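Welcome! Here is a short briefing to read alongside the sequence and the 3D view. Take a look at both, then follow the points below.

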Amino acid sequence: MTAQATSLGTVRRLPRTLALRLGVPVVLWQLAARAHGSVFFPTPARIVEHGYHLWFSGPAGRAFLTDAAVRDLLPSLGRVLAGFALAAVLGIVLGLALGRSRTVYALCDPVLQFARAVPPPALVPVFVVVFDLGTPMQLASIVFGAIWPVLINTAEGVRGIDPLRLDVAATVRMRPAERIVLLYLPAALPRIFAGLRLSLSLSLILMVFSELLPGTADGIGFQLTDAQTRSDLLTVWAVMVLLGTLGHLFNSVLLTVERMALGRHRAAHRS
């Protein structure tokens, strides 16, 4: 069986796998919530029903999205995907540049370790001054927090390349661009995907945080704050379930892409 067939089979099994993994905890939650009968812990059925009417009961011409989904859900998805994409591209490019030179990496490593240890919320006043309130500031918060796993993992992956392969590349006078495409990127690919998974989770968390700040007028985080202010517990639970579902879905899609990419890489390497 080829790597492509295996990857396609994984994609087809994804809905069934998600249903099996989520089915048991959801059933237990449903039974416990019904037995307890507390207004603070509604059943999953009520939460899903409320989320459906809140976000996915719109007209068919708008992909069944409601006004609340267009106002809050879509902007949040745009921010998290844009922030993750920027962090991924910048992290891979900078990681490749730093990892290729041991001297440059040794000089920059203290700065990298210091910068990644600074919590993004601590830099919010700086981002507000530089970018003002709004989407640019929110994207800056996401990118700053999500770039470090990709950058450091990419650099470490490049540094771990077999020296013999570098000697062969020097012998055949391989150009720098060819070394990046044929040597550095394939060698760092497993570490890159490890960093991307961490970065994606951080992007979702930082997206919510950025939408909790004053001056925000839309987004899932804004909707969560508004629901808490109005003591709308069903909406609070629906937002939390939605965020958990999005995180699990994003991670599953990225894992599928990782298996496909690494499977093709291994197949090409064997041939």
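A salt bridge is a side-chain nitrogen of Lys or Arg within 4 Å of a carboxyl oxygen of Asp or Glu. By that rule, Arg-159 and Glu-156 form a salt bridge, with 3.6 Å from N to O. This is a predicted model, in which local features need pLDDT of at least 70, side-chain atom pairs count only at pLDDT 80 or more, and totals for chains, interfaces and linings use all residues. Residues are numbered from 1 along each chain as its sequence is written, and side-chain values use heavy atoms, with hydrogens and water left out.

**Overall picture**

- The protein chain has 10 helices and zero strands; both are DSSP runs numbered from the N terminus, with at least four residues (H or I) for a helix and at least two (E) for a strand.
- Buried residues make up 39% of the 271 residues in the protein chain, where buried means under 20% relative accessible area, exposed over 50%, and partly exposed in between (1.4 Å probe, protein chains only).
- Of the contacts in the protein chain between residues at least 6 apart in sequence, 70% join residues at least 24 apart; a contact means heavy atoms within 4.5 Å.

**Confidence**

- The predictor's confidence in each residue is its pLDDT, from 0 to 100; the chain has a mean of 86, and 89% of its residues reach 70 or more.

**A bent helix**

- Helix 8 bends by about 55° at Leu-189, and Pro-190 follows within four residues; the bend is the angle between axes fitted to the seven residues ending at a residue and the seven starting there.
- The end C-alpha atoms of this 35-residue helix 8 are only 39 Å apart, short of the 51 Å that a straight helix would reach at 1.5 Å a residue; the expected span is 1.5 Å times one less than the number of residues.

- Glu-211 sits in the loop between helix 8 (176-210) and helix 9 (220-229).
- Glu-211 counts as buried because its relative accessible area is 1%.
- Leaving aside neighbours within four places in sequence, the contacts of Glu-211 include Ser-76, Gln-138, Thr-216 and Phe-222.
- The side chain of Glu-211 also reaches the backbone nitrogen of Ile-220 at 2.9 Å.
- Arg-79 forms a salt bridge with Glu-211, and the closest N and O atoms are 2.7 Å apart.
- That pair links distant parts of the chain, as Arg-79 lies in helix 3, 132 residues from Glu-211.
- Both Arg-79 and Glu-211 are buried.
- Pro-136, found in helix 6, is 57 residues from Arg-79 in sequence and 9.5 Å away in space, C-alpha to C-alpha.

**Other salt bridges**

- The structure holds nine salt bridges.
- One of them joins Asp-67 to Arg-62, with the closest N and O atoms 2.8 Å apart; Asp-67 is exposed at 52% relative accessibility, whereas Arg-62 is partly exposed at 34%.
- Why are Arg-159 and Glu-156 separated by about one helical turn? They are three residues apart in helix 6 (residues 135-159), so about one turn lies between them.
- Arg-159 is partly exposed at 28%, and Glu-156 is partly exposed at 27%.
- Elsewhere, salt bridges that share partners join Arg-79, Glu-211 and Asp-218 into one network.

How values were computed:
Polar contact = N/O pair within 3.5 Å; in protein donor to acceptor, adjacent residues only side chain to side chain.
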